[in-house]
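Please keep the sequence and the structure at hand while reading.

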Amino acid sequence: MKKLKFLFGIHNHQPLGNFDHVFEELYGQCYQPYFEVLQQFPRLKTTAHFSGCLLEWLQAHRPEYLEVIRGLVQSGQLELLSGGFYEPILSSLPEEDAIGQIRMMNAFLESEFGCRPQGLWLTERIWSPHLPKIIAQAGIRYTIVDDTHFYYAGLEERQMHGYYMTETEGFSLGVFPISKTLRYSIPFGLPEVAVEHLRHYREEWGFDAVTYADDGEKFGGWPETHQWVYKEKYLHNLFTALEEQSDWLETMTFGEYLDEHPPAGRVYLPMASYEEMMEWSLPYEAGLRFQKLQKELKAAAVDEALTSVFLRGGQWDNFFTKYEESNHLHKRMLYAGRKVKQLPPQHQETSGALRALYRSQCNCAYWHGLFGGLYLNYLRHALYAQLIAAENSADELLFGTDRGLSVEVVDFNRDGCEEVIVCNPEMNAFIAPSRGGALMELDFRPACFNLSNVLRRRPEVYHQDILAAQEKDKSEGNQPHSIHSRVRFKEKGLQKKLIYDRCERYSFMDRCLAPGTAFEQLPTNQYEEIIALDGEPYLWERRDDPVDPQVPFVLRLKWESPSDNSREQHLAVEKTYTFDPRKAALEVNYSLHNKGEKPLDFIWMVEHNFTLLAGDAADRIYVLPEGRLKDSRMKSEGVLRDIQTLGMRDGFFGFELQLKYSPSVELWRFPVETVSQSDEGFESIYQGSCIAGCWRVKLEPGQSRQLQAGLGIEKR
């Protein structure tokens, strides 16, 4: 019987925007010691992938590490995989961007390590049937995906060996199936367990080759793994065990195996990812039902071989419907990309606009599962900063520095409704008439900062684990609990923060509240709207004539309570935006008119949701002209009376946002905090601050009231 070929690979990545100390910590915990151990076993052949985000950090901070990798590559012990340079989800990109990202990685590997990659690491193993065409056009011969993908295509476990060929429009690609059994046992079980699995594949099923490929961070970077993998010598013992089985087992790189062995067959894979990702992508209600079904099937002892083929979650693209913020970020990336593509190719490169666009495509902040991802505001900020920088470069080259103001009407987020995008050299403003004329996004372009980057509080399936743990605490006295193996809390009282918002957290959101509404009802969403116009579509005047870039732009919107309502509460609202052609400034004027037959008495609230990223930082604070704030942190809350101006000062990024009201308002403010899970446990995360200006309004029949709210941003 021939030797079994063990194809062993790791994938190393840190997201764009992660803190430098995290890169440094993981370098010491797993990236560096991994290759220190591998160098002790020169006869072993392995494969590795590094994302461009990590490679750029290593190049800047640990160039000696790249020398180690270069030596392993040149000796033939290590094969390097290509991939989208900034670790994008390839299937979510325009084809030219996907190919461009792969070619950027190919060029980097050839320049830095002297190798031309044959294989590709597929980000999050997210497969789409059109990918062979993209990947093959970038000069790649194979990729690696989970055996899950093959099960969904109807194959069985006995067929999960070697590699298969697939194609799209005649563009061929080899695909290797990753063994889930090995993925779950390495590095968490004893080395002998992995060896026994390999022996079983060879002797019982006659496999010629088996694939293991998974996150390199499992080898020291995941919680509690550094002690096991290096201090207790798991990795050393695993590599020793592999060498000791050399009479029937040998390691080989994927490229070598592809060159020397024919495929096991042809396959067409459906859209898929690993099992957990597909479950995470399900909408909340569907996720609850899916989890319930899983438990019922397990209790009924249904064969796992059946459920693994015929029971699956959603698809990665579901994140664009599950989280409006993910869709907004994705469509903003596409919108910025269209601007960059208007530049001549040489200017795309030399201006840095194309690289900034590619950086904004890093996948981590577009989705959420076991890891923080989308919930981490600094990861979202990093992508927005890059796409705004790309836009700045493109606009300056296309239209010059004295371009003034531009207005575009387009369904940029692909929701079937048009948005109004107003830009000048200092500011981008995205207005949604279909959502109450709300300000969806406000960018301060000199700082490449999206101040509207605030995540909505929404239910998650894992919130049920928090509530269950709370009930268990009452009966079992704070004993450890379980999510998979246990439920871990990074702070106390999280169940009190499980509050869910009615809609996305935009700004210039209009609410008509009952006159007795108290501040405490706003953070908990227990307020009553006496006239429901929250998020209702506003009529607006669409101007088809060209906009003069040197004069202010005016956008007029209107809303009126339905005519079939009781005429006792018949309110008409006119909402007028005025944009400065050169400054980061806008005004919104309200005209409220009682068209009913009886008096109206209500609180008119204009709600803003903005972020300076940090809730407790001393250099991110509220400021008042009178300086009378006892607690100026962005995380502070409470009521301020008789306010005409409130500042949000960012000493780190060097700007100040000023909110202005006329006449003066009672101002309510509170931090928006979400509850999410990560690999280290459950925690609350500051997303931004809600600031609501409130006027008490009393209108007799036929009477009107004029109110004004505005903002401006300046460098400091």
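Helix α2 (residues 52-61) and helix α3 (residues 63-74) pack with their axes 5 Å apart and at an angle of about 115 degrees. Axes here are lines fitted to C-alpha atoms, for helices over the stretch in contact, and angles run from 0 to 180 degrees between N-to-C directions. The two helices α2 and α3 are therefore roughly perpendicular to each other, given that angles under 35 degrees count as roughly parallel, over 145 as roughly antiparallel, 65 to 115 as roughly perpendicular and the rest as oblique. On the α2 side the contact (heavy atoms within 4.5 Å) is made by L55, L58, Q59 and H61, and on the α3 side by P63, Y65 and L66. These contact residues divide into five nonpolar, two polar and no charged, where Ala, Val, Leu, Ile, Met, Phe, Trp, Tyr, Cys and Pro count as nonpolar, Asp, Glu, Lys and Arg as charged, and the others, Gly among them, as polar. Helices (H or I, at least four residues) and strands (E, at least two) are DSSP runs, numbered from the N terminus.

The model is a predicted one, in which local features need pLDDT of at least 70 and side-chain atom pairs count only at pLDDT 80 or more, whereas totals for chains, interfaces and linings use all residues. Residues are numbered from 1 along each chain as its sequence is written, and side-chain values use heavy atoms, with hydrogens and water left out.

Helix α2 also holds A60, which is exposed, with a relative accessible area of 58%; buried means under 20% relative accessible area, exposed over 50%, and partly exposed in between (1.4 Å probe, protein chains only). A60 and K298 are 238 residues apart in sequence, and their C-alpha atoms are 50 Å apart in space.

Two further helices can be described by their span, for which the expected value is 1.5 Å times one less than the number of residues. Helix α8 (residues 191-203) has 13 residues and reaches 18 Å from its first C-alpha to its last, close to the 18 Å expected. Its buried residues are P191, A194, V195, L198, Y201 and R202. Seen down the axis of α8, these buried residues fall within an arc of 120 degrees, so they line one face of the helix; the arc is that of the directions from the helix axis to the C-beta atoms. An α-helix has 3.6 residues a turn, so residues three or four places apart point the same way. What covers the buried residues of α8 includes β1 (4-12), α7 (180-185), β8 (209-215), α10 (234-244) and β9 (249-251). Helix α4 (residues 95-113) has 19 residues and reaches 27 Å from its first C-alpha to its last, close to the 27 Å expected. Just after α4, G114 takes a positive phi of about 70 degrees.

The backbone deserves a separate look. Most residues other than glycine have a negative phi, and most peptide bonds are trans. The peptide bond from I186 to P187 is cis, with omega near 5 degrees, and P187 is placed in the loop between α7 and α8. The peptide bond from S662 to P663 is also cis, with omega near -10 degrees, and P663 lies in strand β26 (residues 655-678). R125, although not a glycine, has a positive phi of about 50 degrees, and is found in the loop between β4 (119-121) and α5 (131-137). E224, likewise not a glycine, has a positive phi of about 70 degrees, and its place is in the loop between β8 and α9 (225-231). Is each of these two residues buried or exposed? R125 counts as buried at 3% relative accessibility, whereas E224 counts as exposed at 59%.

| Pair | Separation in sequence | C-alpha to C-alpha distance |
|---|---|---|
| G416 and S434 | 18 residues | 9.7 Å |
| Y500 and Q227 | 273 residues | 39 Å |
| P344 and I466 | 122 residues | 53 Å |

G416 has its place in the loop between β10 (406-410) and β11 (419-424), and is exposed, with a relative accessible area of 67%. Y500 lies in the loop between β16 (486-487) and β17 (509-513) and counts as partly exposed at 32% relative accessibility. Leaving aside its neighbours within four places in sequence, Y500 is in contact with R457, R458, P459, H463 and N525. P344 lies in the loop between α16 (324-340) and α17 (345-350), and counts as partly exposed at 32% relative accessibility.
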